[in-house]
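Keep the viewer open as you read.

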Amino acid sequence: MSERSYLDWNATAPLRDAARAALAEALSIAGNPSSVHAEGRAARRLIETAREQVAALVGARPSDVFFTSSGTEANALALTPAIEVAGDKRPRTGLLLSAIEHVSVRSGGRFRRDAIEELAVDPDGRLDLVALARAVAKSPGALVSLMLANNETGVIQPVAAAAAIVHAAGGLLHVDAVQAVGRVDCDIMILGADLLTLSAHKIGGSKGVGALVRRNDDIHFPDPLIRGGGQERGLRAGTENVAGIAAFGAAAAVARRERAAEAAHMLALRNLLEAGLREISPQATIFGGGAERLPNTTLFTAPGLKAETAVIAFDLDGVAVSSGAACSSGKVQPSHVLAAMGVSPPLTRGAVRVSLGWGSTAADVEKFLGAWRKLATTLSKEQRGIAA
Ligand code: PLP
């Protein structure tokens, strides 16, 4: 069989060459970054260089970047009633989330269940700003957590407009930019976010590294999740993942430099893919198709399609895609994102996600379309059988 086509970049991206080199270099340094000797200082330098590179990617100051073990941990760290802003120690009583957040945000961090309110999205999967305005008016000073781009549909959220609404009500805005960073501009100041979550493995760093970025040093977390040796200025104890952090920095530097060109490359391929999909299956639905989306993501279905069988069929044809539904503990859960968009359960069960990256090629798209043509032919035969 010819080479495989990996079209599941929203799940994770391959390691960038620069990140691999940084990882290898860091692994050969023996020092602990907390040690004062030369070996320790060499490890510390790698971390601080990475902090500068990650900060530059999102328009922040290096001193406002805190490394974590993942995007999940950065989200968990951010979502606490105890965030202090400019010395104000009053706990935040409410957490407002869009109904399409990643599970690591939906779980609400350290907020009580009954303090969490979900905000509606429209049929294209965009946050309802009127619902947000109503909710912040009822819950002044709330922490609001919104993703910049959805991992399933790729739909980009109106974060800057939301920030104005949240701040006018005295609230704070946390933005999960895990899927957006490296694909669209994620400048923390332009977005108007107070806190930003990033994950290394979506931009070509290694898995198991993330960062929480704050707007400025008015923002403090008196209740870290992990206490101990005082690393990350007391916010995240534990000897740093030096190699993972160095690779994150290297990936961030490439992502910053190449973002515009990579986004244009992905968009051209995605347009090719969607044109082919519509040509083969005029009845296909592209979820969030009416909204602004990331340049790399297509979540689609067609009459009679079952996502789990489709993913296996694509895999057998050498194409890696994923189903729109999340699979945990062996059970396929219907997508809460599509449910929030008002999509009916049978359509939800047929949602297949194709996500491209900087390394994707026209040959990958052709291979995907070839596999889809086969699958669509089988499906339409089945549909005709049902109709007969
Ligand atoms: N937020 C979003 C939107 C994601 O898509 C993901 C991962 O898929 C995460 C957070 C979690 O990031 P990590 O895999 O680094 O824990």
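Predicted model: local features only at pLDDT ≥ 70, side-chain atom pairs only at ≥ 80, totals over all residues.

Residues are numbered from 1 along each chain as its sequence is written, and side-chain values use heavy atoms, with hydrogens and water left out.

Start with the rings. The whole structure holds 7 aromatic pairs. Rings of Phe, Tyr and Trp (its six-membered ring) pair if their centres lie within 6.5 Å; planes under 30 degrees apart are stacked, over 60 edge-to-face, and the rest tilted. Y6 and W9 make a tilted pair, with 6.3 Å centre to centre and 50° between the planes. W9 is buried at a relative accessible area of 5%, whereas Y6 is partly exposed at 32%. Buried here means under 20% relative accessible area, exposed over 50%, and partly exposed in between (1.4 Å probe, protein chains only).

F67 and F248 form an edge-to-face pair, 6.0 Å centre to centre and 65° between the planes. This pair links distant parts of the chain: F67 is in strand β2 (residues 65-68), F248 is in helix α8 (residues 242-280), and 181 residues separate them. Helices (H or I, at least four residues) and strands (E, at least two) are DSSP runs, numbered from the N terminus. F67 is buried at 3% relative accessibility; F248 is buried at 1%.

Ring pairs also join F300, F314, F368 and W372 into a cluster. A charge meets a ring elsewhere: the charged end of R16 sits over the ring of W358, 3.5 Å from its centre. The test asks for NZ of Lys or CZ of Arg within 6 Å of the ring centre and within 35 degrees of the ring normal.

Now follow F248 into its helix contact. Among the α8 residues that meet α2 are F248, I245, A252 and R256. From α2, the contact includes A43, L46, I47 and V54. Contact means heavy atoms within 4.5 Å. The residues of this contact divide into 15 nonpolar, 2 polar and 1 charged. Ala, Val, Leu, Ile, Met, Phe, Trp, Tyr, Cys and Pro count as nonpolar, Asp, Glu, Lys and Arg as charged, and the others, Gly among them, as polar. Helix α2 (residues 38-57) packs against α8 at an angle of about 35°, with axes 8 Å apart. Axes are lines fitted to C-alpha atoms, for helices over the stretch in contact, and angles run from 0 to 180 degrees between N-to-C directions.

Helix α3 (residues 71-78) is mostly covered, with 6 of its 8 residues buried. These are G71, E73, A74, N75, L77 and A78. Their cover includes β2, α4 (103-106) and β6 (143-147).

V321 lies in the loop between β13 (319-320) and β14 (322-323). This residue is buried, at 7% relative accessible area. Beyond residues up to four places away in sequence, V321 touches L7, D8 and V352, among others. F314 and F368 are also among the residues V321 touches, and both belong to the ring cluster.

Last, the backbone. E232 lies in the loop between β10 (219-220) and α8, and R233 is found in the loop between β10 and α8. Neither is glycine, yet phi is positive: near 50° for E232, about 45° for R233. E232 is buried at 4%, while R233 is partly exposed at 44%.
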